[in-house]
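Hi everyone, thanks for making time for this. I'd like to walk you through one structure today, step by step, so please have a look at it while I talk.

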Amino acid sequence: MSPVRIIPQPTDLHAIASETPFTLVESSRILATGAAASVGDLLAGILRPSTGYRLPVQDPTDSDPAGAADITLHLDPADAPDLGAEGYRLVSAGDGATLTAATPAGLFYAVQSLRQLFPAAIERRSVQSEAWQAPAAVITDRPRFTWRGAMLDVARHFFDPDAVKHFIDEIVLFKINVLHLHLTDDQGWRIPITGRPELTGIGASTEVGGGPGGSYTEEEYADIVAYAAERFITVVPEIDVPGHTNAALSAYADLNADDTAREPYTGIDVGFSSLDVDSASTWQFLDEIFRSVAAQTPGPYLHIGGDESHTTPPEQFPGFIARATALVARHGKIPIAWHEAGRSRDLAPGTIGQYWSFVEPQENAAELATSFVEQGGSLILSPADVAYLDITYDESTPIGQAWAGGPTSVRDAYEWEPGAILAGVTDDAILGVEAPLWTETVATPADIDFLTFPRLAAIAEIAWSVAPPAQGRDWEHFSGRLDSWYPRFSALGISAFDPSGVSSSTLE
Ligand code: TNX
């Protein structure tokens, strides 16, 4: 029986080598009721294709008592003090497997750990002949941070709803709970807005390199959001303003100070576009946009970008941000902005900052990020030199960008500490961690997989697992667990970057 290796590392894990493993068999059942039953259905959806077993999801109160081959999902709000809103307990042994949590989200994370206890072939989508054993273990686990994010830029290259759902299926494996969608940029506008058809007309007509672009319909966006929510992922829509707006400026002439529509843009430069921040048309436009995006998005957040607005008059930028965050708040959402927006000292209350400078803050980034905390907000940390998924891994990486102190190895992505970046900003002001995938060089789902994995596994461990001891994270321990993940990536059909060639060995 292989040792217990889970990513992200659980808070407390005891493998019991002397105990009989849990074994899933033809007659196994999933026992769950109420809200636990929908998590049970998701678990059944993972286990049925490879085992070929029926695995009925049954209500334990009107079924035979749990047997040695059954998996029980137990929801008990009384566990909240111990397990928190997202924690869980998992016991796997010869007399059965039991997953316990105070919330359905906690049960869902227990499921993500349980699937890693089975042989990698459990992830295949066709029937395999395997002994479906999970080693005997007791796990008690809860996350360090409540924000464990991944960002997908669907503006530079458009990714259709199936590709986004596929990405969701992949990121939940590592207990990610936020999907930030970068929906608008110079190269394309991807979300429909009532009364503004040209945003998803001219504005969506292209992408980097001149491909066809595209956009979601309202139904498709709603479907992505619902698919994410069923998997305990909050979708955070980003409408990047006042810079990164060429697509909008190409769609509506009156957004430009000279009343002339811009040409659609298919290059990869940043920082050249800006809304005309003082015009009535701009504020009418933003009111319609934020109203519509807020109405289409059930989650509490709306990201307004605010990065790299190099052609916005610097003296007008802080006032723009103050007004834009207030407008988002008026439409009922919590504003989020990249750290440059900390130039405003008049942010809407509770505005969240997203830090994207380096682990060693560059220029005045530390001051700008800290401004959010001084104004009562919190921070999401996405240090570009370790957490940007679009940076190359090494000199041989066929896609990706090379700035941000790159290349960024898997080890670089793993060995950093969120609490050590900004002086005075510790866990109470840090909402969490997010890994952005910008897609200037990323055109296909396979490209997404290659740059995202395995680095997202490293970032997810930083977001989930408890603060490391003073001597730092244990890279050897992580990389051992990661090596054992390659058969799983392969069973899942994820072509992850594999620096040490483990995927072609027989390692299990
Ligand atoms: C910077 S970091 C950007 C993006 C680019 C990315 C490329 C930030 C908030 N903006 O517009 O896509 O670099 O790595």
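**Around the ligand**

Let's start with tryptophan 403: one of its polar side-chain atoms sits 2.7 Å from an oxygen atom of the ligand. Before I go on, please keep in mind that this is a predicted model.

How much of the ligand's accessible area does the protein cover? Taken on its own, the ligand has 370 Å² of accessible area, and the protein covers 98% of that.

In the side chain of arginine 156, an N or O atom lies 2.8 Å from a ligand oxygen. Glutamate 308 also takes part: an N or O atom of its side chain is 3.2 Å from a nitrogen atom of the ligand.

There are 13 residues around the ligand, and those that come nearest are Arg156, Tyr388, Asp390, Trp403 and Glu440. If you sort this shell by class, you get six nonpolar, five charged and two polar residues.

Now let's move to a loop. Threonine 392 is located between α10, residues 384-387, and α11, residues 410-414. Is threonine 392 buried or exposed? Its relative accessible area is 9%, so threonine 392 counts as buried, because the cut-off for buried is under 20%. Leaving out residues up to four places away in sequence, the residues that threonine 392 touches include Thr397, Ile399, Ala402, Pro407 and Arg455.

Proline 407 is in the loop between α10 and α11 too. Its peptide bond with glycine 406 is cis, with omega near -5 degrees. Another cis peptide bond links phenylalanine 453 to proline 454, with an omega of about 15 degrees. Proline 454 belongs to the loop between α12 (445-452) and α13 (455-464).

Next, two backbone angles to look at. Aspartate 259 is not a glycine, yet it has a positive phi of about 60 degrees. You'll find aspartate 259 in the loop between α6 and α7, and it is exposed, with a relative accessible area of 53%. Glutamate 363 has a positive phi as well, near 40 degrees. Glutamate 363 lies between β17 and α9, and at 82% relative accessibility it is exposed.

Finally, let's zoom out. The chain is split into domain 1, residues 12-141, and domain 2, residues 147-470 + 488-492. How far apart are the centres of domain 1 and domain 2? Over C-alpha atoms, 35 Å separate them. Where the domains are in contact, 19 residues come from domain 1 and 13 residues from domain 2.

Technical notes:
Residues are numbered from 1 along each chain as its sequence is written. This is a predicted model: local features need pLDDT of at least 70, side-chain atom pairs count only at pLDDT 80 or more; totals for chains, interfaces and linings use all residues. Side-chain values use heavy atoms; hydrogens and water are left out. A residue is near a molecule or strand if one of its heavy atoms lies within 4 Å of it. A polar contact is a pair of N or O atoms within 3.5 Å; within protein, one must be able to donate a hydrogen and the other to accept it, and residues adjacent in sequence count only if both atoms are side-chain atoms. Accessible areas come from the Shrake-Rupley method with a 1.4 Å probe; for residues, only the protein chains shown count as cover. Ala, Val, Leu, Ile, Met, Phe, Trp, Tyr, Cys and Pro count as nonpolar, Asp, Glu, Lys and Arg as charged, and the others, Gly among them, as polar. Helices (H or I, at least four residues) and strands (E, at least two) are DSSP runs, numbered from the N terminus. Buried means under 20% relative accessible area, exposed over 50%, partly exposed in between (1.4 Å probe, protein chains only). Contact means heavy atoms within 4.5 Å. Domain bounds come from an automatic or database domain assignment.
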